[in-house]
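Here is a short briefing on one protein chain. Look over the sequence and the model, then read the points below.

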Amino acid sequence: MASDESSTETHSYGQILKSTALMGGSSLLNVGFSIIRNKTIAVVLGPEGVGLMGLFSAIADIAQALAGLGVQASGVRQIAESAGTGDAERIARTATVIRRTSILLGLLGTVLLAAFAFPVAGFTFGDHQHVAGVALLSIAVFMRIVSSGQVALIQGVRAIGDLARISVLSAFFGTVISIPLIYWFGSQGIVPSLIGTAALTLITSWWYSRKLSIDTRPMTAPAFYRETAALLKLGFAFMVSALLTMGAAYAIRIFVLRADGVAAAGLYQAAWALGASMRASFSRRWEPISIRV
């Protein structure tokens, strides 16, 4: 009995070490790609271009947080709880709800951001010359929300190996697509680069989520409503938390833009991106994760 417990404990520590190494390694690679991408964009566009990219990214982040309603975070909990029961029917039902809800929320976010592109652009940039860019950004919001639902499934079933691969590939594709677009089109390539990065991230997350072999099950309207209500009820708290963080970052960018112009906002964006990358790297590297890889 003691020998079995010792073996189980050793195996658990091995899982923790392997999972931590995977996430730590992926985070370090992400930092490397981020440095290459941000340095290249800074050289090509200068502080003004970096400031514009930071503002567009902030708009996309807030729109995703609002429209996503915390589904990625709550979805991880829901699918993990279902996976823990070993009930294939329940797992399939939960996965179906997460996928469908993500698509519906993504469409809602796209419609709302496109509809309010005029006031959002005016409030953010102080003029309306970026209205088209904000409207196009709604496409990226849709793909981000759908992708977050796929990632929630992968994380919920504890496939951390696939999660690490998605993270690295997304950073790689984001670098590969952003640099040429920014180089060829200048500041006009900012929004297309964000859309392209979101599209490749969606494709990558879809590719790995389809490997989970979770079937889509038909559901009655009342059953779908109950599952969705539970998902959104928990997700609302996560949404508020994310919105406060992203809203503060957005407000600071607006304040810097109003006070000292786009160039100053670009300098702030560069400092913030570097700090965020390093913080994410070290927090993920040393956070133990006892899950399957």
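Asp-162 forms a salt bridge with Arg-165, and their closest N and O atoms are 2.8 Å apart. A salt bridge here is a side-chain nitrogen of Lys or Arg within 4 Å of a carboxyl oxygen of Asp or Glu. The model is predicted: local features need pLDDT of at least 70, side-chain atom pairs count only at pLDDT 80 or more, and totals for chains, interfaces and linings use all residues. Residues are numbered from 1 along each chain as its sequence is written, and side-chain values use heavy atoms, with hydrogens and water left out.

- Asp-162 and Arg-165 are separated by about one helical turn, because they are three residues apart in helix 6 (residues 160–185).
- Salt bridges with shared partners join Asp-162, Arg-165 and Lys-211 into one network.
- Helices (H or I, at least four residues) and strands (E, at least two) are DSSP runs, numbered from the N terminus.
- Asp-162 has a relative accessible area of 13%, so Asp-162 is buried.
- Arg-165 has 42% relative accessibility, so Arg-165 counts as partly exposed.
- Buried means under 20% relative accessible area, exposed means over 50%, and partly exposed lies in between (1.4 Å probe, protein chains only).

**Salt bridges between helices**

- The structure holds five salt bridges.
- One of them joins the side chains of Arg-144 and Asp-61, at 2.6 Å from N to O.
- This pair links distant parts of the chain: Arg-144 is in helix 5 (residues 131–156), Asp-61 is in helix 1 (residues 2–68), and they are 83 residues apart.
- Arg-144 is partly exposed at 22% relative accessibility, and Asp-61 is partly exposed at 25%.
- Glu-227 forms a salt bridge with Arg-93, with 3.3 Å between the closest N and O atoms.
- This pair also links distant parts of the chain: Glu-227 sits in helix 8 (residues 221–260), Arg-93 sits in helix 3 (residues 88–115), and 134 residues separate them.
- Glu-227 is partly exposed, with a relative accessible area of 22%, and Arg-93 is partly exposed at 24%.

**A loop residue**

- Ile-214 lies in the loop between helix 7 (190–209) and helix 8.
- At 15% relative accessibility, Ile-214 counts as buried.
- Ile-214 and Ile-91 are 123 residues apart in sequence, but 7.5 Å apart in space, C-alpha to C-alpha.
- Beyond its neighbours within four places in sequence, Ile-214 is in contact (heavy atoms within 4.5 Å) with Ile-91, Ala-92, Ala-95, Arg-99 and Val-157.

**Confidence**

- The mean pLDDT of the protein is 81, and 83% of its residues reach 70 or more.
- Over residues 1–9 the pLDDT is below 50, and this stretch has zero contacts in the model beyond near neighbours in sequence.
- Over residues 284–293 pLDDT stays under 50, and the model has 35 contacts for them beyond four places in sequence.
- pLDDT is the predictor's confidence in each residue, from 0 to 100.
- Where pLDDT is low, the predicted coordinates should not be read in detail.
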